[in-house]
Every structure is written in C-alpha cells, then in structure tokens.
Amino acid sequence: MLLLLLGVMISACSNDNDKKDTNKVPTNVPVTTDTPQEIVVRINDDPDFLDPHKATASISYQMILNIFEGLMAPETDGSLKEGLAESYEISQDGLTYTFKIRSGVKFHNGEDLTIEDIQYSFDRLMGKNGGEKMSNNFDNVASTEAPDTTTFVIKLKEPNSNFLYSLTARQAAIIPKSNDGKHNENPIGTGPFAYVKYAPGSNLVLKKNESYWKEGLPYLDKVTFAFQSDDQAAIMSLMANEVDLTSVPWQRVNEVENSHHLSHQNNNSSLIVTFNETKAPFDNIKVRQAMNYAISKADIIDSVFAGYAVPLGSNMSPAMGDYQKKGLEDKYKLDVAKAKALLAEAGYPDGFKTKITVSSHNDIYSNIAQIVAANLKEIGVDVEIEVVEWGIWLDRVYFGRDYTMTTIDLTGRASAYEILNDYISTNDSENFFLFKNEEYDNIMADVLKETDTAKQIAYYQRAQEILAEQAVSVYVADYQIVWGSDKQVIGLKSYPFWFHDMSEVKFSN
C-alpha cells in the first residue's frame, strides 16, 4: 500500500518530452574481471519487514524482491511471465489453475525447491493450519493440491480476472518450509541474491546466489542497500562515490548530469493528500470537496517536483494507459471562492483547525504539507504539521488509522485492480482512508468476474469517477523519479511498481 514508497519507469509521465529517458544504456557491455561487481544503492529508509508475507511497505519490496520469487514474475511493461512455474493452464470455466513447477531450483540455503514448500507458502498466506492469515488475496481460493511432485493446482470459488497478478513474489513469495519461524530474521528465497545481514538504520546486505536457476545471472557479487533519508546528503554521497545509485532531487539534477548517468523513471503511483473519513470534519463530503478546490496541484508540482510530474484526478496514473479515466484531473480546478462556499454549506463558515501527519523518510512529504497548509489558510483552515518517523507513520497512520490528514504516494502496481482495491470497504489491510461506498464495492467485485477487457476498463474507469466524485483524497500527481548512477552501472530495469531489480545490473569497464 503505499507506504512508502518508491517508483518505477514505465510509460510517459513527464509533462515535458525532453525529460523522458531516451538514452537507455545497453546491457550487452562485457563485464571485466578488473571491475568490482559490488554496488551500493541508497534507499530512503529501513524495510518494515524482511518476511515477504508480512512486508507491506513498498520501500521493503524495492529491496527484498531481489531475494524472493513467485510462481509468476513481472515484466517491465506490466505483463506477467512464468517464474517458479515453468508453465500453467487455466480451465475453461476460469476456476482451476494448474502449474508445472520448474525443476532444478534451489533455495539460498542449498535445499531444493519442492512442492511441499509451495504448499507451505500458500497455507501460510491463507492462514491454514492454525496460523495467522497473511493476505486477503486468496480468500477466493477453494482449495490447493499437489497431485504429484511437479504439479500445483489452485481452485477458485469464483472466476477472478486478476488472479495471476496475485502470484508474483510481491503478493505470494515462495519460501522454504524448513525456515518456519525465522523468515524475518533470516529470510531465504530462490531469487538472484541471498540475504547476508540487516543493520537497522544502516543497511541491508545481499550476496550473489551462486546457484541461481537463470544461467549467467546475476552479475553482481554484492548489493548493499544503504539507508539515508536526507535527499541532499544522498547527493553528496553520490558525488563522493560513497553510493552508486540514488534518486536525485529534481532541483539538483544539473549538478550531477555531467558526472553521472541519469535516467527518468515514471512512478506509476498516485501522490495524494488524504483524510480519515470517520473523523469530523472529513466525514462531510463538502469539506473534502472544499479541500480539492483549495489545494493547488500546480504549486506542489512546480515547487516540490520542479515540473517532473503530471496532475491526477483519481487514483490511477497515465502510465496505466486505457485503464486511466482521462479528464478527472480537471474536475476540481483551483477555486478558493468555491472552497469557502462549500465549507460554509458544511457548517464551517469560519474554517476549522486540523493536523496533517507526515513521514520523515522523504522530504517531499514535509514540503507538500507546507504548501497544503499555506493553501488551506486562504480558506480559513489552520493546519498543524506533524512530522513523524516512518515506522511511527506506518503504525499510527497506516495501520492504526489514528490520523486526521496525511500525504503519501500510493505505490504503482502492474494491475489496475490492485491499484484500486485499496478503497474496497472490506479491504481492512489497505483501506486506511476508511472509505465506504456500496457502488464502488460492487464494481470491484464485478470486474473480477468480467473476462472482456473493454468491459473491465469501463468498470475501472467508473471506479475512478466515484473516487473523484466522493473526493476521497486530493489526487495531486504522478511524479517522475530521476535516478543518478555511476556511469559504469548498466542493466537497470524499471517496472510499474517499486523494485530495484539487481539481477541484470553490472559495472562495465
């Protein structure tokens, strides 16, 4: 859910054509023995969990997806390919999924991947055998079975057009049964890199999986994810060659563009200013609409992102193509008079006092909060800004729902359903807005039964209209990440969700 954070390049998101990454670096440059194959990647903050079934912060997946794999694997264009499943078949009625499991795959502890490990992983996610349910993605699963040592069958209660997207490592990592009880302290997967150590507040270190099933990969011997929340300090680290890859503050691009390679990554996320809809005055739709008219998206895009962003009107990025409902970005054009009138109609003619709680793990949230406070002051709303540590934000705001206002970017995902299911009233793990709308819930249920793509798109577009009409949040922008890296670093890939894929990264000479 968002939390966190972090973005990936996929399709046009920049509002300026010359900001697009048109000079992608080739990956077929030879690796030479005199080039150290160790990389330091700057990350804004610590992971919330190393256990892939417990992790919720996208900042965590940005790192740990290098450790784990699922039956299916994501492609950079948002599609899926086989992962630990060598092949699969779906029955004509859409209820039975049969997977042939890839042979010769080993876990990082040297054990062979077995059908028992796959069964264990899904049992754990679904809370079978007396355990805690880890995911709601499999509530529709009627049964799982392994008819032989290389076949795994999942039967659904109802057809689900999005089900394969639930089988990547982000939603359903395959982990060894033998490591039960130790998945967070000693995470073990089948991915290109194995866990070495985690030093809270400092770094997460991974090493090359020498037995990786993809021949010739990975190239790197060691990956260190170094935690550094301050963007300005990160730039100094990049220029001092202390880190090899980091995001670059938009206002400082010109300082590193000659000395480092720059790539522009479209986030495919939704930066929002949002509300707890169970707390007054935000339980009143007119107040939420007033916020939308009063908060200037242009101010945020220009001041915080230096123009490297496009305005949104709902929880869907232009990177999602036809799935995005165009035109909603103009639904609430800046109109202070209209905002004041709506507040008066809601019973707040003189405004009110409120608080916006933001995480300290990225400076953009504090910067946005300051603009929001200035904008809302014009309509009589006095906003107190509260900055808390990332872990506290997760515990109190995201999980505890103990907040009035906040701002965050909801991480991009390859599936339109997964982007929008945060707002389903029964999605207790992700609906931190506490939004509840019967029509919305029905749409999101019906779209899973629909096999026609055009009709699916119509459902998703109507869902976005509802979010805009109900002013669930102020949908500000999808912003572009500018990555700065050592010029010898090649092979970086981008996905429609946060993931620093290190599997094909290497240093050229």
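The questions and answers below concern a predicted model.

Q: Where does UniProt place the feature "domain: Solute-binding protein family", and how far apart do the end C-alpha atoms of that span lie?
A: The UniProt record, an unreviewed entry, puts this domain at residues 81-411. The span is 25% helix and 26% strand. Its end C-alpha atoms are separated by 21 Å.

Q: Which helix gives the largest share of the lining of the largest pocket?
A: The largest pocket holds about 1,300 Å³ of space. Its lining has 46 residues, and Ser135, Asn136, Asn137, Asn427 and Ser429 lie nearest the centre. Two or more lining residues come from each of helix H3 (169-172), helix H10 (390-399), helix H11 (416-420) and helix H12 (438-446). The largest share, five residues, belongs to H10.

Q: Which residues are closest to the centre of the second largest pocket?
A: About 430 Å³ of space lies in the second largest pocket. Strand E2 (72-74), strand E3 (80-82) and H3 each supply at least two residues of its lining. By class the lining has 16 nonpolar, seven polar and nine charged residues. Of the 32 lining residues, the closest to the centre are Leu65, Ala73, Pro74, Tyr495 and Phe499.

Q: What kind of aromatic pair do Tyr97 and Phe163 form?
A: The model has 29 aromatic pairs. In the pair of Tyr97 and Phe163, the ring centres are 5.0 Å apart and the planes meet at 65 degrees. Planes over 60 degrees apart count as edge-to-face. The pair is therefore edge-to-face.

Q: How many residues apart in sequence are the parts that Tyr97 and Phe163 tie together, and are the two residues buried or exposed?
A: Tyr97 has a relative accessible area of 5% and Phe163 has 1%. The cut-off for buried is under 20%, so Tyr97 is buried and Phe163 is buried. Tyr97 lies in strand E5 (residues 96-101), while Phe163 lies in the loop between strand E7 (151-156) and H3, so the parts tied together are 66 residues apart in sequence.

Q: What kind of pair do the rings of Tyr293 and Tyr332 make?
A: Tyr293 counts as buried at 16% relative accessibility, and Tyr332 is buried at 10%. Tyr293 sits in helix H6 (residues 285-294) and Tyr332 in the loop between strand E14 (309-311) and helix H8 (336-345), so the pair ties together parts that are 39 residues apart in sequence. The ring centres are 5.1 Å apart with planes at 80 degrees, so the pair is edge-to-face.

Q: Which residue lies over the face of Tyr332?
A: A charge counts as over a ring only with its NZ or CZ atom within 6 Å of the ring centre. For Tyr332 the distance from the ring centre is 5.8 Å, and the residue is Lys331.

Q: Which residue lies over the face of Tyr219?
A: The limit is again within 6 Å of the ring centre. Over Tyr219 the distance is 4.2 Å, and the residue is Lys506.

Q: What is the phi of Asn129, and what is the phi of Ala306?
A: Most residues other than glycine have a negative phi. Asn129, in the loop between helix H2 (115-126) and strand E6 (141-148), is exposed at 74% relative accessible area. Ala306, in the loop between helix H7 (297-305) and E14, is partly exposed at 31%. Neither is a glycine, yet phi is positive: about 60 degrees for Asn129 and about 50 degrees for Ala306.

Terms used
Residues numbered from 1 in each chain as written. Predicted model: local features only at pLDDT ≥ 70, side-chain atom pairs only at ≥ 80, totals over all residues. Heavy atoms only, no water. UniProt positions renumbered as here; feature names shortened; annotations may be inferred. Helix = DSSP H or I, 4+ residues; strand = E, 2+ residues; numbered from the N terminus. 1 Å grid on protein atoms, 1.4 Å probe; cavity = no way out; pocket = protein on both sides within 12 Å on 5 of 7 lines; lining within 4 Å. Points joined across faces, edges and corners; volume = space filled by probe spheres on them. Nonpolar A, V, L, I, M, F, W, Y, C, P; charged D, E, K, R; others polar. Phe/Tyr/Trp six-rings, centres within 6.5 Å; stacked < 30°, edge-to-face > 60°. Buried < 20%, exposed > 50% of the residue type's maximum accessible area, 1.4 Å probe, protein only. Lys NZ or Arg CZ within 6 Å of the ring centre and 35° of its normal.
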